[in-house]
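The entries below are kept in the order in which I looked things up.

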Amino acid sequence: MKHIFLSVLSIFLLGLAAAAVIGSFGAHQYLSEGPLQDSKLIIIERGSGVSQIAQQLEKEGIINHALLFKIATRFGTSLKAGEYEFSPKIPMVEVISMMQEGVVFDRKITIPEGYTAWQIVQILNAREELTGTISKIPPEGTLMPNTYHFVAGEDRYDIIKRMQSATIKAMNELWESRASNLPIKNKAEALVLASVIEKETGVANERERVAGVFINRLRKGMLLQTDPTVIYAITKGKIQTAGKGPLGRRLLRKDLQIDDPYNTYKYVGLPPGPIANPGYDSIKAALNPEEHDYIFFVADGTGGHVFSKTLAQHNQNAAKWRKIRNAQ
C-alpha cells in the first residue's frame, strides 16, 4: 500500500508541476509581446464567435495561440465586432482588452452643413474604403450634415440611410417644440426654410435672426429675394468646384430674372424644395425664429450681416456692402 500511495503522490505532484509549467507558459504568452511585426487592420464581422475570432487572429499573425485566447476570454465580457488596428508586438492581453471595450479603428466622414445632395454623393464616392454605387442623387434636404463613423467595406447607401434617418429624427423632435403661429404648414416646408437659412449665413448666432426675417416676409406676402435660391435654380445642386463660388462666377443681375420656381426674386413664398441639406441648428432656427421687425439684411463684410427694418436703411447698408465688395 505504501508503494501505491507513493506512486499516486508522485503522479499528483507531477501533475501539479505540469499545471504550473503550463500555467506559467500560458501567463507568459498572455502577457508578453505578440508575434505581429507591423501594424495591421482587420475586420471582425458581426456574429463571429470566440473560436472564429481566435482562429482569425492567429491566422493574421496577431496572436500565437488560438486556444489560449479562447480560454482567456471565457470569463470576461463579450468581444465586439468592428475594424481594429493592432500595433506591432501587441500582447494578447491588450488584444482582448481592445476587443472587449470595442476600441475600433476610427474611420469617419464629415458632411458640412449646407452641402447639396450632389456634393455629398461626391464626398462618399471619393472614399475608396466604401463600397456600392449610389445610382441616384438622394432628395435634396434629406441628408443630415454631421460626422459619420464607418468601417471599411461599408456600403455607401447605408451611410445615406443613416443621414436620412438623422434628418427625420431631428425634424420630428424639433417640430414638436416649434413656435406657434408660424406661416409654415408642415415639416416639408420647415425643411425648405431651414435650407435657405443654412445657405444665407454661416454665423451660428445669426440663424434665428435670419429665420425671423424670412418669417416676417412670408407673413407679409413679400418675395424672399434670397440669392442662394437663384443659384440653386441655375445649378440644381451641381455646383462648380474651382473655388470661384457655386456658379464659378459672381451672381449677376440678369440671373435674378431667370424664370424658375426656385427663383425667389420672381415667385412669392418658399421655393418648391430644399436648396441644400440643413443642419440641426438651422432646422431649429426655422421652427423657433427670433421675433423682431427686420425684413432686410445684407452682408457686412465680416462674414455676418447687418439687418434693417426699412427699405431706406437697407439701401444704405447695401451701398456700404457694395463698396466693401468692390474694394476686395
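**Entry 1. Basis.** I worked from a predicted model, in which local features need pLDDT of at least 70, side-chain atom pairs count only at pLDDT 80 or more, and totals for chains, interfaces and linings use all residues. Residues are numbered from 1 along each chain as its sequence is written, and side-chain values use heavy atoms, with hydrogens and water left out.

**Entry 2. Largest pocket.** I looked first for open space. A pocket here is an open set of points on a 1 Å grid over the protein atoms alone, with protein on both sides within 12 Å along at least five of seven lines; a lining residue has an atom within 4 Å of a point. Points are joined across faces, edges and corners, and a volume is the space filled by probe spheres set on them. The largest pocket has a volume of about 1,700 Å³. I noted 46 lining residues, with D227, L251, Y265, W321 and R325 nearest the centre.

Which elements supply at least two residues each of this lining? They are α7 (187-200), α8 (207-220), α9 (227-235), β5 (296-299) and α11 (311-327); helices (H or I, at least four residues) and strands (E, at least two) are DSSP runs numbered from the N terminus. The largest share, six residues, comes from α11. By class I recorded 21 nonpolar, 15 polar and 10 charged residues. In this scheme Ala, Val, Leu, Ile, Met, Phe, Trp, Tyr, Cys and Pro are nonpolar, Asp, Glu, Lys and Arg are charged, and the others, Gly among them, are polar.

**Entry 3. Second largest pocket.** The volume of this pocket is about 260 Å³. Its lining consists of I43, I44, E45, R46, A81, G82, E83, V104, V151 and A152. The elements giving two or more residues to this lining are β1 (40-44) and β2 (82-86). Six of the lining residues are nonpolar, one is polar and three are charged.

**Entry 4. E83.** I followed one residue of that lining further. E83 lies in strand β2. Is E83 buried or exposed? E83 counts as buried because its relative accessibility is 3%, the limit being under 20% relative accessible area with a 1.4 Å probe and protein chains only. The E83 side chain makes a polar contact with the side chain of R107 at 2.7 Å. A polar contact is a pair of N or O atoms within 3.5 Å; within protein, one must be able to donate a hydrogen and the other to accept it, and residues adjacent in sequence count only if both atoms are side-chain atoms. The E83 side chain also reaches the backbone nitrogen of A152 at 3.2 Å.

**Entry 5. R156.** I found R156 in helix α6 (residues 156-176). R156 has 9% relative accessibility and therefore counts as buried. The side chain of R156 reaches the backbone oxygen of R127 at 3.0 Å. Leaving aside neighbours within four places in sequence, R156 is in contact (heavy atoms within 4.5 Å) with L124, N125, R127, E128, L130, T131, G132 and I134. The C-alpha atoms of R156 and N125 are 7.7 Å apart, although 31 residues separate the two along the chain.

**Entry 6. T116.** T116 sits in the loop between β3 (107-110) and α5 (117-126). Its relative accessibility is 3%, so T116 counts as buried. Beyond four places in sequence, T116 touches E140, Y232, G237, I275, A276 and N277.

**Entry 7. Nonpolar cores.** A nonpolar core is a set of buried Ala, Val, Leu, Ile, Met, Phe, Trp, Tyr and Cys residues joined through side-chain atoms within 4.5 Å. The largest has 44 residues, and L124, M163, F214, I283 and L287 have the most contacts inside it. α6 gives the most to this core, with seven residues. Not counting residues up to four places away in sequence, L124 touches I109, L130, I134, R156, I159, I160 and M163. A second, separate core of 20 residues includes I42, L68, L79 and M92.

Entry 8. In helix α4 (residues 92-101) I listed M92, V95, I96, M98, M99 and Q100 as buried. Just after α4, G102 takes a positive phi of about 70 degrees. A cavity is a set of grid points where a 1.4 Å probe fits but cannot get out; I counted one of 30 Å³ or more. About 70 Å³ of space lies in the largest cavity, and M92 is among its lining residues, as are Q29, H65 and P91.

Notes:
Buried means under 20% relative accessible area, exposed over 50%, partly exposed in between (1.4 Å probe, protein chains only).
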